[in-house]
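Keep the picture open while you read.

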Amino acid sequence: LMPTRWEAAQEQKEVVAPANTSGKDGTTVVIGKDSAEKTLVVYEDPRCPVCAQFEQTLGPTIKKDLDAGKYKLQFVGASFLDKGLQGEGSRKALSALGAALNVSPEAFLEYKTALYSAKFHPEESEDKFKDESYLFKVADTVDALKDNKTFQNDVKNGTFDKWALVMSKKFDEDSEKYGLTGTPSLVMDGKKVTGSDGQNTPMTVEEFTAAIDKALKG
């Protein structure tokens with residue numbers, strides 16, 4: 001029996017990391033101005049509906065904060081929903097996000113925004129992200145990825161599949177370390193960033209801004 005795409009990736013010895021990454025196996029993805037002193041870590045699973053809600057509501061605020069150098073953004077991808085929902089869309093989307101990151105940090109952020117957008121984000125039960133044609137359709141809305149052969153080949157060939165798996169493992173390890181209960185989760189200075197209830201991820205601009213300002217003073 002031929003190993004599946006993900007079994008093959010699992011067995012792959014070397015991790016091929018996208019450009020614009022650092023750290024062990026390229027699992028450190030930090031975007032923003034060097035002058036920003038602190039880093040906000042955002043944990044997201046591509047298939048997660050609450051992550052889509054978070055991105056649709058707070059994406060513009062985060063983008064504005066990044067451009068203003070308020071903080072840097074570190075992205076950690078998860079794929080636990082593939083296990084729970086029997087599919088591969090989270091891993092496929094993570095691998096495709098790696099291919100976008102390999103093009104540029106801007107392409108990565110724009111692609112992530114598009115994947116989570118109201119227009120393209122599928123119902124949790126629908127595994128649309130497993131289909132390359134769908135991932136390309138979303139990518140066509142990003143100038144840097146439209147008809148980009150390198151990007152498309154990396155997605156088709158699973159260039160960053162192993163990276164997607166080690167990234168998911170980083171989420172699992174960090175979850176234990178910081179007591180994260182799912183996605184989206186936020187961490188700054190090794191502490192969870194929560195809304196006014198002290199437990200959940202802030203999901204409104206007001207709660208988010210208050211929580212971040214508090215964490216930045218931290």
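Contact here means heavy atoms within 4.5 Å. Residues are numbered from 1 along each chain as its sequence is written. What you see is a predicted model, where local features need pLDDT of at least 70, side-chain atom pairs count only at pLDDT 80 or more, and totals for chains, interfaces and linings use all residues; side-chain values use heavy atoms, with hydrogens and water left out.

Start with R47, which sits in the loop between strand 2 (39-44) and helix 2 (49-67). Helices (H or I, at least four residues) and strands (E, at least two) are DSSP runs, numbered from the N terminus. Leaving aside residues up to four places away in sequence, R47 touches a whole list of residues, including L81, D82, L85, H121 and F129. E124 is on that list too, and the R47 side chain reaches the backbone oxygen of E124 at 3.4 Å.

Now for the rings. Those of Phe, Tyr and Trp (its six-membered ring) pair if their centres lie within 6.5 Å; planes under 30 degrees apart count as stacked, over 60 as edge-to-face and the rest as tilted. That rule gives eight aromatic pairs. One of them is F80 with F171, stacked at 5.6 Å centre to centre with 25° between the planes. F80 belongs to helix 3 (residues 80-85) and F171 to helix 8 (residues 161-178), so the pair ties together parts 91 residues apart in sequence. Ring pairs also link Y43, F80 and F171 into a cluster.

How accessible are these residues? Buried means under 20% relative accessible area, exposed over 50%, and partly exposed in between (1.4 Å probe, protein chains only).

| Residue | Relative accessible area | Class |
|---|---|---|
| R47 | 3% | buried |
| F171 | 5% | buried |
| F80 | 30% | partly exposed |

Notes. Polar contact = N/O pair within 3.5 Å; in protein donor to acceptor, adjacent residues only side chain to side chain.
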